[in-house]
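This report describes a protein model in plain terms.

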Amino acid sequence: MATTKAAATTRHRELGLSDDEVLAMYRAMLLARAVDERMWLMQRAGKIAFIISGQGHEGAQVGTSWAMRRGQDWMAPFYRSIAATMTFGMSAEDIITAHLAKGDDVSSGGRQMPGHYGGAPYNIVSVSSPVGTQVLHAVGIAMAAWVRGDDVVAITFYGEGTSNQGEIHEAMNFAGVHKLPVIFVCENNGYAISVPLAKQVGGLSVAARAVGYGMPGVTVDGSDVLACFGAAREAHARARAGEGPTLIEAKVVRLTSHSSDDDQRRYRDPSEVEGLKEHDPLPRFADQLRQLGILTDPIEERLRAEVKAEVNEASRRAEARPDPEPETAAGGVYAAETR
Amino acid sequence: MAELNILEAIRQAMDEELERDERVMVLGEDVGKKGGVFGATEGLWAKYGDKRVLDTPLSEGLIAGAAAGAALYGLRPVAEMQFADFVYPAFNQIVSEISRMRYRSNGAFGLPMVIRMPYGGGVHGALYHSQSNESYFTSTVGLKVVAPGTPADAKGLLKAAIRDPDPVMFFEHKKTYRLFKAEVPDGDEVLPIGRASIARAGKDLSIFCYGYMRFCALEAAEVLAREDGLEAEVVDLRTLRPLDVATVLGSVERTGKALVVHEANQFGGYGAEVAAVIAQDGFEHLDGPVTRLAGPEVPAVPFHHALEDWFMINPSKIVDAARALAAY
């Protein structure tokens, strides 16, 4: 135990993270989880039409996003990116507002279905539903920064199911050719809705594909926040040094069904679902921090109380926001309204 | 005034915009050292370097998607699809992403970008180097679609497209690239997107056309004047989306007869929209059936010259259609 503690102690400090920072990362994960859980409740209560969850992905998302520079770097997320977009600047209220499709929702003004985040103020590209399209946008942003000589890194997120899209191949190849400053994060939760990895990925490893694109492919335990941060920090440094892109395959667990319209008991064994909890990134990180004495019962209590209050306040404020006016649906097609 | 062909005009527009605005960049297959398979970007790579005139792998989805990313970042990319026939791998990006980025972000993210595409037949390009696929894009809300037919229009409209805050599909009929030279105004002449032009004034019937069809319609109008004493008005639409409805209806009001001509097949083609606008809003001025002359209902242009000639719209087919309509 003492050895583990020593190793762990060195670990976050070696990664350049202070005790306060790792505690802040833990809080970010708690908050993302609490927002996620609150939205399921709101969905069950009929307030939210649909939810696509990020539960189980928080470690990978907070860990990798923490290595990015808010307001300077860019993010092209996907529909599970609750924790990633929140780490990059979106608030609990932004996320809940998007799910309620309110008129002043920063993501889309109520135009898109839940889970389609985005925000110009945060450099977060608007999410769509066809999977993998955003990866080309991240590469285009990285290309633009490279053309202009700007110190900007793009990060993009997608699942292992999406990794089979042709656009991913096009994106990664081009990024490899020009050594563009972009980080590809594949959150591999083992399932593309109902189809398991073995029927999705011929070689069973997404990271192994990287070599063909001329970039390193790193596999990390996506439930290990610090491992994810370390991989992303290294990828970020490589990108800034002109050494090109990195593919990070973060092995995560999908703790919920694909979405609120899905029931994973139809295709996953109950024992398999039960076993997922062992890989939940939240208790794992909590244990690490407790071993170091960074997290204690009083701190945990305080954090949970803060997060609960924040989510209560966020949902109260989000629900109070106005619905969009029907006639606003006609606007915003072109910069100047021509047809 | 310089005498240029359409290809030279397009190249000059890109050159001047690259020079004027450092946010402008060109990307596509073979656009760099080679200068493009048609030569549209010739000389630009040497002048602006291999970042601003960027050769891409054979990945059309990437060309469109990376251009979208660059536009999000604040650049003004000009992407080239080597042939309009090869745009389909990029269709997902163009339709699902590029056309609706502004709408889906409630106005937060606009995409100032251009996709240039050589289209059309008559150059022995067969099924996969001859397509006129503009109607996929004219029916996509959020895009603007431009199809010039003269060197001056090509230059002025491409400059406007590059400066436009929204995505523009820029269709260049490859048969017109070196077909003729015409005067192009010197200096920074930017033509507004969304305005048709009266290529030839007339009182007996209106011929609505764009791209290479403008050239054919003008030839046909000459024959009609000489042999039939018919004064055909040739309206070059220039921009397909947004359609210049006022100019279209104004012409119908003068002539009472409308012939819509395009090389793409008729069923569900762009001409159907023009015809419907005229039928609905110009009905009281009509003195004959709104008529379409379009490419035949085969999947694409066949190769052998006898087959290709059968396919292509030409001045003589336009003369025949115009005579029938005038006689109504």
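## A strand in chain B

Strand 10 of chain B pairs in the parallel sense with strand 11 (residues 232-236) of chain B, over five bridges. Strands (E, at least two residues) and helices (H or I, at least four) are DSSP runs numbered from the N terminus, and two strands pair if DSSP finds at least two bridges between them. B:Ile207 has B:Val234 as its bridge partner in strand 11 of chain B.

Strand 10 (residues 205-209) of chain B is largely enclosed by the rest of the structure, because five of its five residues are buried. Buried means under 20% relative accessible area (1.4 Å probe, protein chains only). On one side of strand 10 of chain B lie B:Leu205, B:Ile207 and B:Cys209, and on the other B:Ser206 and B:Phe208.

## Basis of the model

This is a predicted model, in which local features need pLDDT of at least 70 and side-chain atom pairs count only at pLDDT 80 or more, while totals for chains, interfaces and linings use all residues. Residues are numbered from 1 along each chain as its sequence is written, chains are lettered from A and ligands numbered from 1 in the order written, and side-chain values use heavy atoms, without hydrogens and water.

## Where chains A and B meet

The contact (heavy atoms within 4.5 Å) takes 44 residues from chain A and 42 residues from chain B. One salt bridge is counted between the chains: the side chains of A:Arg148 and B:Glu22 meet at 3.4 Å, N to O. A salt bridge is a side-chain nitrogen of Lys or Arg within 4 Å of a carboxyl oxygen of Asp or Glu.

Technical notes. Buried means under 20% relative accessible area, exposed over 50%, partly exposed in between (1.4 Å probe, protein chains only).
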